[in-house]
Amino acid sequence: APPPPPMGGGPPPPPMSGMGGGPPPPPMAGMGGKGGAEAQYRYRPKVQMKQLYWKKIPPSKIAGSVWDGMEWREVELEPEQIEDLFGAKKKKSTAEEDKAAKAKEADENPWQNLVDLKRANNIGIMLSHLKMSPAKIVQAIKSLDRSVLTPNVLIQLIKAAPLEEEAQILSRFEGDPKELGKVERFLFELLKVDRLSERLELFKFSLGFDEAVSDLIWNYQTLTQGAKQVIASSALRRILEIVLAMGNFMNFGPYKAPTQGFQMNFLTRLKDTRSSETNMTATHWLIQYIEDHDNELFSLSDELRRVSAACKLSSGALNQEAAEIRSNIAALKRELTRAAEAGQEDDKFTEVMMSFSIEAKKRLEELEHAKAEFAEAHAALANWMMESPSSSVAEELLAIFSDFLLDFEKARADNEREREQRQYEKNIAARKAARKLEQAEMKAKRAAKKKSGGMLDKAGMTLRGKKGMAELIKMQEAEEAAEEAAEDAGEVCGEGDCMRRREGKSTRSCVESSPRRWR
């Protein structure tokens, strides 16, 4: 293997994982020999030391931090004490083991294990899933092969892109790539792609561009339609007139001029005005008024059908997403210019992304048109509501009407249940009255029958004798009992609003739930 390249300035590379000591890792760029990396150390250990696995800050980020100007070389150390405490202990071995250990140390490759252990493991997992050699992966990146570069793979590749310090070290490697570790060899191959991270980000953006733009256009159109439906609703305008008339009547004062209009958010507080005698609210009164005077106003829900969906969107988030798309398109144009100037033969970035850029321009125009339409509709709605277009939020304005629609429909359902309750009680009263009349008639008939059929003349007594007389009395008593049972069977329970009838002479009763009414 070739010796590691000479070094220049900068901190030493990270320690090799899995080793307590051993030969130093490859030098940093611009450092080497005496006067280089070794000369920067005031003290040098005479024995192998345990390593401190800290996360190093790149030299480019030191400026302005607590480490800027740190004079660590001036610290007085006691090397022998540190060597005794933290020197890597070696187990006693035979002469053969010592010889094998020295041979292993001599053969140790300083270009392996350069990457942080956790990061190396993550990259290794990604490579095992791809099942491709580093060279083929690089070729897929250069050709922008969609069969390989799926959105998930692109995310992993962006995370795996060589860091600044890794690029500094690997860029000076001039030997056979096989001498590198698996992860190091992959990162070394990635260095062959110019501006790797930027290109991967832009390609990932291109894959999700159509869906992102379609969603944005749809959401802008939903907000636009919601605003236009509010302004165009004839039912809403008529309902506002009714509410204004009711409010002016309730707020009457001999020295107070009537109100000509109110802020729209009052609609959501209409339900808070309650009747003095019942639980009926002003919203319930409004529904009852519409039922009595103009049923066509119940078309309000249909006229404002997109408002509920529109108020759940965030116009601010949509504008931010649209701005990010425009920013990415601008970044793509700059990258295409750089790629054209570089003119690499095996690089398909310009060819693929230029085609995308042309199509993206058309879609971007559609997005800008949808956004402009929404801005116009928002301004119209704000002015219609006597609000400021610049300080109001479209979805918050639409939420007022969405909440009012919920109150409107709930009050309508309450009124319907109230009608059912009144009809229910009316039916019970009618049936009870009819039953009482029937009972009175049956009692009158029974009394008349007793009077006429219960009188036994002396002739009958004489003819039938005492035995016949007893049988006649029994028959009459059984007939009367049957009539009383039939009468009891037709009585209503009498408890609550129950409509069940007694069974025979049983006193069993039941209580059934009934629709709620205003109490």
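The model is predicted, so local features need pLDDT of at least 70, side-chain atom pairs count only at pLDDT 80 or more, and totals for chains, interfaces and linings use all residues. Residues are numbered from 1 along each chain as its sequence is written, and side-chain values use heavy atoms, with hydrogens and water left out. A search of the whole structure gives 17 salt bridges and 10 aromatic pairs.

**Terms for place and cover**

- Helices (H or I, at least four residues) and strands (E, at least two) are DSSP runs, numbered from the N terminus.
- Buried means under 20% relative accessible area, exposed means over 50%, and partly exposed lies in between (1.4 Å probe, protein chains only).

**Salt bridges**

- A salt bridge is a side-chain nitrogen of Lys or Arg within 4 Å of a carboxyl oxygen of Asp or Glu.
- Side chains of opposite charge can pair when their charged atoms come close.
- R195 forms a salt bridge with E335, and the closest N and O atoms are 2.9 Å apart. R195 lies in the loop between helix 7 (182-190) and helix 8 (196-207), while E335 lies in helix 14 (residues 315-342), so the pair ties together parts that are 140 residues apart in sequence.
- R195 is partly exposed, at 30% relative accessible area. E335 is buried, at 2%.
- R195, R199, E335 and R338 are linked in a network of salt bridges.
- R363 forms a salt bridge with D210, with the closest N and O atoms 3.9 Å apart. This pair links distant parts of the chain: R363 is in helix 15 and D210 is in helix 9 (residues 209-232), 153 residues apart.
- D210 counts as partly exposed, at 48% relative accessibility.
- R326 forms a salt bridge with E368, and the closest N and O atoms are 2.9 Å apart. R326 lies in helix 14 and E368 in helix 15, so the pair ties together parts that are 42 residues apart in sequence.
- R326 is partly exposed, with a relative accessible area of 30%. E368 is partly exposed at 31%.

**Aromatic rings**

- A pair of aromatic rings is described by the distance of the centres and the angle of the planes.
- Rings of Phe, Tyr and Trp (its six-membered ring) pair if their centres lie within 6.5 Å; planes under 30 degrees apart count as stacked, over 60 as edge-to-face and the rest as tilted.
- F404 and F408 both lie in helix 16 (residues 394-453), four residues apart, about one turn of the helix. Both residues are buried.
- F205, F209 and F356 form one aromatic cluster.

**Charges over rings**

- A charge sits over a ring if NZ of Lys or CZ of Arg is within 6 Å of the ring centre and within 35 degrees of the ring normal.
- R199 lies over the face of F349, at 4.6 Å from the ring centre.
- The charged end of R412 sits over the ring of F298, at 3.8 Å from its centre.

**Surface patch**

- Patches are made of residues with over 30% relative accessible area and no salt bridge: like charges are joined within 9 Å, nonpolar side chains (Val, Leu, Ile, Met, Phe, Trp, Tyr) within 5 Å.
- Accessible areas come from the Shrake-Rupley method with a 1.4 Å probe; for residues, only the protein chains shown count as cover.
- Y41, M70, W72, V75, L77, I82 and F86 form a nonpolar patch on the surface, and together they have about 620 Å² of accessible area.
- L77 is in the segment before helix 1 (79-86). L77 counts as partly exposed, at 42% relative accessibility.

**A buried histidine**

- H378 lies in helix 15 (residues 349-384). H378 is buried, with a relative accessible area of 11%.
- H378 is in contact (heavy atoms within 4.5 Å) with P389, S392, V393, A394 and L397, not counting residues up to four places away in sequence.

**Positive phi**

- Most residues other than glycine have a negative phi.
- L144 has a positive phi, near 50 degrees. L144 is in the loop between helix 4 (134-143) and helix 5 (151-160), and L144 is buried at 7% relative accessibility.
- M386 has a positive phi, near 65 degrees. M386 is in the loop between helix 15 and helix 16, and M386 is exposed, with a relative accessible area of 74%.
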